[in-house]
Amino acid sequence: MSVDQIAHDTEALSLLDHPRLSVLDDYDHIGAELLKSANEECLEFKCVHWDIEMWWDLPDRVEGPKFEAGGHQWNMVLFPNGGVAESFVSIYLKWVNTSNDPYRKCARAQFAVCLSTPSQPTNYLGYGTEHIFTSGHDDWGFAHIMEIDCIDQKDWGTGLDPLLEDSKIRVSVMIRVFENNDDIACPSTSTAYHPTDNTFDPSSSTSQYMNSVDRATGFVGIKSMDDTGSLSILLQLLYFTGYFRRSCYEIADIDSCDALTALLGIFTQLQTLSSTVEIAEFVGSLGWDYEDLLIQRDVIQFKQTLQSALELKCPALSPLYQRTFGIKYSGNDKYEYALSLNIDGYSDLQGALFDHVFSDCMMIEKLPPVLHIHLKRFWYNADEEYVEKMNDRLEYSLEIDLDPFVESFNDRSESHIYVLQSVIVHDENLNTGMYYAYIRPTCEGSNWIKIQDDKVTPSSKDDALENSYGGILPPDDLYAASCTHNAYMLSYVRKSRLQEILYQTPANDHHPSNTTSTGDRPRPPKMFTDYEVSIITDASFRANRNSFDLFDLNHHSLRKISVDKTTATLSTLEAAVSEQVGISPENFRLWMICERYNNTIRPDEIVGSQTKKEELVGEYITQCAKLGDQSYMMYLETPISPQLSPSQILLFIKYFDIEVQSVQGVGHIVVDANDQVESISGIINALVGTPIDMQLDIYEEIKPGMIDRLHDTMTFRDSELQHGDIICAQRHLSDEEKSEMLGLFLNVDCFYAALL
């Protein structure tokens, strides 16, 4: 995410504000204006200038000179022809990580960037921000610092003279570097939106971000299954509500409720796993399918839907929901589970509460330990017949006294002071928006975390408060507009019950029938702690008769193995497979089975590296296609050739017996991509047991209904064959032979067509 996309983080300064300040002589004053005041001493404040010439001849990406500040190495990265935004100049500060411990090392800094005219240092435009730089998220900056077409124009909205002078410009960075402390944790890897992912390394794989554990925060993310990220956030909120989570283990009929068992499995995975938690089993236990998750609704509606589904599947959860989140209004026996406040015309939460309670005569009889407050930002524009979002600024505080809003006859023995625990933020509009949350995990300390889908990163109180109030960007911002990311749901916890309600180390979670002999920690079902892998072999391929793909998905008997999700390495995976199939690990190779765009399944990539037997393989397993029983699929290649070269391709061979009218898998081969298709005729004949010199017609099984004849003299590369493709061969028939085989399918493509 670039700074101009989080405009509350940014302040602009131009010639109009301080016409006499110079980036060369007054950079300390400019830095003080552009950067937020800090409540701590910085390690170093420094200003570095970068003079750029021949602007219009610059490449798309330019790196500035490296410099040192606060004991760290830095440099600027400029995109003069457009970066994330095609028509805007983009510029970022990049941290050069020189630590030998990239998982724990990071750099915390405030910095400002100014563009100025080289001969006129008082003619400048500047922006400031702050960021925690990590090994996984080592750059931060401004995607829209100015329009490309305006850089050489005068009076483009700020009163500035053209910044570009004779194709020259100066870039200045003013940086404050701070020491990392306990209150601001450094993430091991950042999984937030990376502004230059497609620029710094276009070929980099996203697999490096698949493990969402943040070693500094100690928490993991949930892989979202809905478009807005609502479900993953709501499940995280339940997990961090320690009272609710622990009470779930005390429900008597826990073992008879699949949905509750699945929910507790998620809680256990959030506690014990070191990788992203998947929730497909939980969604299935609720009776939902994928289409149910795509229904358009906001997070409050999703919250109600989730609660209703859980209560339907496990009625014992109803009293727990009521005890934890239930709000009771005077004169109404029905419990509500969120205060829904009209915020139009109000600048703070207190005003909106007053209107709700007194103007709407909604006096509260009883407040719950955990209070959810819905800030109603969507409204129906009757004139336009369109639902719009209200981005007005609404302030709220860390603590709020709700005593004035509770009926006087209510018991006052317990304080009605509440403490902010979480803020769910909505970004963008109704149709394209998504949600993320700032959560205060524990009742101790001042640390906050940000949760967005499967990403968990350190955050701060300012993000949860000031930066989520919403409102209009500063008027001196060139791109002043409504801030589209703003608080949508607040979660407050009764202060007198913080220790009881909030997250605690879940070691005391227990259920009598679900404990280990070593203590009270829950023993989750195996499906939540282990990966189950189904192994496809050449034997299962050969058993695939008169059917498409590698094996018959509806009629199969595959061998299965299980490995621990947190500790599975290539060695342990191979050992489990070896025990199951009776083949030594040095005599086989495992491949990931992936689902292609055309809905076929094929081996795609070798699992792990043969030289790194102790590397974790969880990310390989979770990229594999799943069977109907939710086990992941892998292919066992045996016997194996030496290490495959980049030009070698793994292919599968089927043979169509014209006389028998049957097609069947016969095995696999490894070919060189530069060889001609006809070069494998002898190998196929040897596999089938037909004469070595028998002429063959060779086809590719692309998908059901698409069987294409391959040209004998073309290479495998030119035929666009890749790992896992299926070759179908048949005996070549003369015209005379064809005339004698009336009533038979003479080509494998026709035979396959009859199977559809």
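A: **The largest cavity**

The largest cavity has a volume of about 150 Å³, in a model that is predicted. A cavity is found on a 1 Å grid over the protein atoms alone, as a set of points where a 1.4 Å probe fits but cannot get out; lining residues have an atom within 4 Å of a point. Grid points are joined across faces, edges and corners, and a volume is the space filled by probe spheres set on the points.

The lining consists of 13 residues, and those closest to the centre of the cavity are Leu234, Leu238, Lys303, Tyr321 and His372. Two or more lining residues come from each of helix H3 (230–240), helix H8 (299–313), helix H9 (317–325) and strand S19 (417–427). Helices (H or I, at least four residues) and strands (E, at least two) are DSSP runs, numbered from the N terminus. By class, the lining holds six nonpolar, six polar and one charged residues. Here Ala, Val, Leu, Ile, Met, Phe, Trp, Tyr, Cys and Pro count as nonpolar, Asp, Glu, Lys and Arg as charged, and the others, Gly among them, as polar. Three cavities of 30 Å³ or more are counted by this rule.

As for the setting, the protein has 19 helices and 37 strands. Of its 756 residues, 53% are buried, where buried means under 20% relative accessible area, exposed over 50%, and partly exposed in between (1.4 Å probe, protein chains only). Contacts between residues 24 or more positions apart make up 69% of those with a separation of 6 or more, a contact being heavy atoms within 4.5 Å.

Salt bridges complete the picture. The whole structure contains 19 of them, each defined as a side-chain nitrogen of Lys or Arg within 4 Å of a carboxyl oxygen of Asp or Glu. One of them joins Lys328 to Glu365 (3.7 Å, N to O); Lys328 belongs to strand S11 (residues 327–329) and Glu365 to strand S14 (residues 364–366), 37 residues apart. Lys328 is buried at 12% relative accessibility, whereas Glu365 is partly exposed at 22%. Lys328, Asp333 and Glu365 are linked in a network of salt bridges.

Residues are numbered from 1 along each chain as its sequence is written. In this predicted model, local features need pLDDT of at least 70, side-chain atom pairs count only at pLDDT 80 or more, and totals for chains, interfaces and linings use all residues, while side-chain values use heavy atoms, with hydrogens and water left out.

Technical notes
On a 1 Å grid over the protein atoms alone, a cavity is a set of points where a 1.4 Å probe fits but cannot get out, and a pocket is an open set with protein on both sides within 12 Å along at least five of seven lines; lining residues have an atom within 4 Å of a point.
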